[in-house]
Amino acid sequence: MKSAAKTSMTRVVIGFALLLVGLATVGGAATTHRSEIRIRDPFVLPDTATQTYYVYGTTTAGIFDGGIERKAVMVFRTKDLDHWEDPTPVWEVPADHWGRETVWAPEVHRYRGRYYLFVTITSKETLPTPEGRPQNVRRGTEILVADSPLGPFQPLGRGPQTPPNWMALDGSLWIEDDVPYMVFCHEWAQIMDGSFDVVRLADDLSKAIGEPRLLFHASAAPWVRCRGDIGELYQGKRYHAYVSDGNWLHRTKTGTLLMLWSSYGPRKYAVGIARSTSGSVFGPWEQLPEPLWSDDGGHPMLFTTFDGRLVMVIHQPNRQVERARFFEVEDLGDTLRIKGEIGGT
């Protein structure tokens, strides 16, 4: 009996030890390995003062709270990019806000000592819709501000900083010659050949100044395919349309300006690179012939780790089991090259 009891106790101890291995801790807080966390459009803000990575992502697809949609921007904290603390809200969308249908693609940028949240919001308000296209609705990127990456964020205006009559998304901050700009997507559902556009912002980022300027259309890239042609349906219908998604600008070590962006490639969702031939955000832009990543993942952004590595994060696959994947990339001056994946999946 003593031998059986000892064996049973040993099994309990081993089982408990295995449980502790699965539940890692960071700074005393329980964490979850990122391979278990569904996240779309991941954005990473490294904070050198605390040696913490803040990870923001799209929240209104049943990702958080046991599958319950949440009208909020959420953030994970991680020390090593693999083990993430439970998400916390940094901005709850007010009940009387202009858009409460979706909360997409948040980015948080440090600018002039404060933190600015760029987030894409959709409302129920319809827009005039050309025949043969999906119902157009009001969608745009709104900018909010806080004194911490954890918020609470407060709106700078009373609506999006993108044009009010556009279906616009994925706004991102870009500073050129000390002037702030927002680069964003004009959605395919409104114009069928999605585009990337840029608009100047006020110095405090509170509003757009002047009209947006077209950079290029998604169909300009030789690797891009019409979503309908590769069998991608939208609301059960096939549309002959080209998707523009997830723009990210990067100045290389030689001063070349690149844009990473996503669309449908020959078989699956992909990440491509455009290069500004002038070195300015205003282009003109040339498209590199082959995608950087072609295995059903997208919405890229780049950041530098605390040990100095340049890293691209994407969500993959591009469907409702998305996970964040991290890849070290090499800056070759005129383009980028993926060196290998960081961490496990």
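Reader: Is Thr-305 buried or exposed, and what is its relative accessibility?

Author: Buried means under 20% relative accessible area, exposed means over 50%, and partly exposed lies in between, with a 1.4 Å probe and protein chains only. Thr-305 has 5% relative accessibility, so Thr-305 counts as buried. This is a predicted model, in which local features need pLDDT of at least 70 and side-chain atom pairs count only at pLDDT 80 or more, while totals for chains, interfaces and linings use all residues. Residues are numbered from 1 along each chain as its sequence is written, and side-chain values use heavy atoms, with hydrogens and water left out.

Reader: Where is Thr-305 placed, and with which residues is Thr-305 in contact, leaving aside its neighbours within four places in sequence?

Author: Helices (H or I, at least four residues) and strands (E, at least two) are DSSP runs, numbered from the N terminus. Thr-305 sits in the loop that lies between β20 (298-304) and β21 (310-316). Contact means heavy atoms within 4.5 Å, and once neighbours within four places in sequence are set aside, Thr-305 touches Tyr-53, Leu-81 and Val-311 in this sense.

Reader: How many helices and strands are in the chain, and how many of its residues count as buried?

Author: The chain holds two helices and 23 strands, and 56% of its 345 residues count as buried.

Reader: What is the pLDDT of the chain, on average?

Author: The pLDDT is the predictor's confidence in each residue, from 0 to 100. Its average over the chain is 90, and 88% of the residues score at least 70. Residues 1-23, however, have a pLDDT below 50, and this stretch makes one contact in the model beyond near neighbours in sequence.

Reader: Which residues have the most contacts inside the largest nonpolar core?

Author: A nonpolar core is a set of buried Ala, Val, Leu, Ile, Met, Phe, Trp, Tyr and Cys residues joined through side-chain atoms within 4.5 Å. The largest one here has 49 residues, and those with the most contacts inside it are Tyr-56, Trp-91, Phe-153, Leu-260, Phe-303, Met-312 and Phe-326. Strand β21 gives the most to this core, with five residues. Apart from it lies another core, of 22 residues, with Leu-169, Tyr-181, Leu-249 and Val-281 among them.

Reader: Why is strand β12 largely enclosed by the rest of the structure?

Author: Strand β12 (residues 168-176) is largely enclosed because eight of its nine residues are buried. As for pairing, two strands pair if DSSP finds at least two bridges between them. Seven bridges join β12 to strand β13 (residues 179-186), and the two run antiparallel; within this pairing, Ser-172 has Val-183 in β13 as its bridge partner. Together β12 and β13 form a hairpin with two residues between them, and Asp-177 in the turn has a positive phi of about 55°.

Reader: What is the order of the strands in the open sheet of four strands?

Author: The order is β16-β17-β18-β19, with antiparallel pairing. Strands β16 (245-251) and β19 (285-287) stand at the edges with a single partner strand each, so one side of each is left without a neighbour in the sheet. Between β16 and strand β17 (residues 257-264) there are five bridges in the antiparallel sense, and His-250 has Leu-258 in β17 as its bridge partner.

Reader: Where is Arg-40 placed, and what is its relative accessibility?

Author: Arg-40 belongs to strand β3 (residues 40-47), and its relative accessibility is 22%, so Arg-40 counts as partly exposed. The C-alpha atoms of Arg-40 and Gly-57 are separated by 5.7 Å, although these residues are 17 residues apart along the chain.
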